[in-house]
Amino acid sequence: MPFTSMRDFRAAPRLLASAEGHYYRDVQGREVYDLFSGLWTSGLGHCHPHIVEAVRRQVGELDYGLGFQMSHPLAFGLAERLAALAPNGFSSVFFTNSGSESVDTALKIALAYHRANGESERFRLIGRARGYHGVNFGGMSVGGIAANRRAFGTLLPNVDHLPHTFDLEHNAFSRGQPRWGAHLADELSNICALHDPRSIAALIIEPVAGATGILPPPLGYLERLREICSTHGILLIFDEVITGFGRVGSAFAAERFGVTPDIITTAKGLTNGVIPMGAVLVKQEIHDALMTGPSEMVELAHGYTYSGHPVAAAAALATLDIYEKESSFEAARKLETQFEEALHSLAGLPNVIDVRNFGLMGAVELAPRPGSPGARALEIHKRCFWDERVVVRSAGETIQFAPFLNSRATELVRAIGSVGRVISATD
Ligand code: PMP
């Protein structure tokens with residue numbers, strides 16, 4: 001099981017049998033409210049009939065149809081829809097099967113782009129402490145989670161990391177973007193000064209760090225990063241595997257923050273989690289540079305057996321239909337204030353040392369139990385499931401929340417209240 005303590009899981013397995021809308025049903029037949037939208041995946045709720053029907057139809061009509069030298073119209077149609085949702089200037093899409101694959105694809109595209117432009121000396125990649133970019137070698141190397149790296153020895157060479165922006169002294173209990181910390185972006189200038197900036201290919205960051213505890217960017221921070229990247233010809237990659245498709249009340253966080261990267265990675269909400277699929281979106285100039293290679297060559301020697309799989313593409317197209325028809329991104333934006341209020345009502349509870357949120361992403365930070373890092377959050381996560389029938393996520397010292405884009409406000413507020421009861425009852 002991914003990122004799971006098997007010993008702990010076996011002691012009391014949480015096994016799900018079915019799902020509908022905003023609820024799971026476990027193998028004991030208990031209904032459980034999902035306060036995490038799957039794993040940031042299922043913003044429209046589970047087993048959405050329109051997506052289910054699209055998948056059923058597609059699997060009986062064209063079940064594969066790729067094989068490197070072939071494709072099918074759904075993939076191209078989906079690419080066009082995605083380019084239209086992306087910020088101005090984005091023209092092209094490369095399909096993957098997960099967030100991790102999207103990240104490694106994006107890093108490779110960045111390196112290939114510079115080579116195509118005659119700048120093969122741009123090999124250095126920059127990530128960020130507390131960044132999570134999946135588990136493949138590129139993503140792990142630019143990622144900033146020590147526990148995920150430690151067991152695997154040497155990763156990619158020539159990778160630097162910016163500092164993270166987590167700071168309780170200045171930013172505790174911020175609502176939305178914290179005020180303090182824009183200057184932390186200047187570390188990118190220091191890295192440029194340390195190395196020749198012409199050796200740097202790309203900077204990858206999550207606009208709002210997700211897995212490591214919901215860290216919204218300080219006001220002005222992303223703008224500064226954009227400026228420094230532009231000055232030095234460094235590509236800026238936004239890893240929007242979580243923040244894409246309505247999670248922050250817009251198609252992409254790039255739109256919400258008004259900062260346009262050069263490459264966007266996605267997965268999760270692309271298909272509402274129904275079929276694994278990811279996509280890397282690139283600006284026209286990146287596409288064009290890659291297309292200028294010698295004509296007998298494959299323009300980008302990269303790809304997966306299932307890149308642009310027709311069943312995944314059908315699921316994604318059906319998902320995009322619903323986002324549009326139900327104005328899901330606007331609906332998420334409208335829900336933000338109620339979510340924020342409900343979440344910050346947990347501020348005074350025992351052991352709560354921070355509450356933070358952006359869009360429909362939220363976290364409660366708990367004081368660590370001496371000698372048992374993460375134990376309090378994990379216990380709360382389990383008690384929420386067993387005692388209150390609510391799914392939240394625990395990671396490190398945080399309890400994390402990712403409500404559905406179409407949550408009913410009363411249910412959402414009630415479920416957050418249930419989590420509050422568990423926090424109060426946990427030593
Ligand atoms: N990037 C980010 C920002 C993520 O949050 C995740 C997964 N949570 C990934 C990449 C990796 O995605 P996957 O687990 O689908 O490989």
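1. In this predicted model, Val 311 is in contact with Val 55, Gln 58, Val 59, Asp 63 and Ile 275, once its neighbours within four places in sequence are left aside. Val 311 itself lies in helix H13. The C-alpha atom of Val 311 is separated by 9.8 Å from that of Met 277, and these two residues are 34 residues apart along the chain.

2. Is Val 311 buried or exposed? The residue has 24 other C-beta atoms within 10 Å; the threshold for a buried residue is 20 or more, and Val 311 is therefore buried.

3. The largest nonpolar core has 115 residues, and those with the most contacts inside it are Leu 203 and Ile 263. Helix H13, residues 310-325, provides the largest share of this core, with nine residues.

4. Not counting residues up to four places away in sequence, Ile 263 touches Ala 106, Ile 109, Ala 110, Leu 235, Ile 237, Val 280, Leu 281, Val 282 and Ile 286.

5. The division of the protein is into domain 1, which covers 6-48 + 327-425, and domain 2, which covers 53-325. Their C-alpha centres lie 26 Å apart. Across the boundary, 32 residues of domain 1 are in contact with 28 residues of domain 2.

6. On the side of domain 1 that touches domain 2, the elements giving two or more residues are helix H2 (37-40), helix H14 (328-344), strand E11 (352-358), strand E12 (361-366) and strand E15 (398-401). The largest share of this side, seven residues, comes from H14. By class, this side of domain 1 comprises 13 nonpolar, 13 polar and six charged residues.

7. Which residues are the closest to the ligand? Of the 14 residues that surround the ligand, the closest are Ser 98, Gly 99, Ser 100, Gly 134 and Val 241. Helix H5, residues 99-116, gives the most to this shell, with three residues. The shell is made up of six nonpolar, six polar and two charged residues.

8. As to confidence, the mean pLDDT of the protein is 96, with 99% of its residues at 70 or more. The model scores are ipTM 0.99 and pTM 0.98.

Notes:
Residues are numbered from 1 along each chain as its sequence is written. This is a predicted model: local features need pLDDT of at least 70, side-chain atom pairs count only at pLDDT 80 or more; totals for chains, interfaces and linings use all residues. A nonpolar core is a set of buried Ala, Val, Leu, Ile, Met, Phe, Trp, Tyr and Cys residues joined through C-beta atoms within 7 Å. A residue is buried if 20 or more other C-beta atoms lie within 10 Å of its own, exposed if 12 or fewer, and partly exposed in between; C-beta atoms are placed from the backbone. Helices (H or I, at least four residues) and strands (E, at least two) are DSSP runs, numbered from the N terminus. Two residues are in contact if their C-beta atoms, placed from the backbone, lie within 7 Å. A residue is near a molecule or strand if its C-beta atom, placed from the backbone, lies within 6 Å of it. Ala, Val, Leu, Ile, Met, Phe, Trp, Tyr, Cys and Pro count as nonpolar, Asp, Glu, Lys and Arg as charged, and the others, Gly among them, as polar. pLDDT is the predictor's confidence in each residue, from 0 to 100. Domain bounds come from an automatic or database domain assignment.
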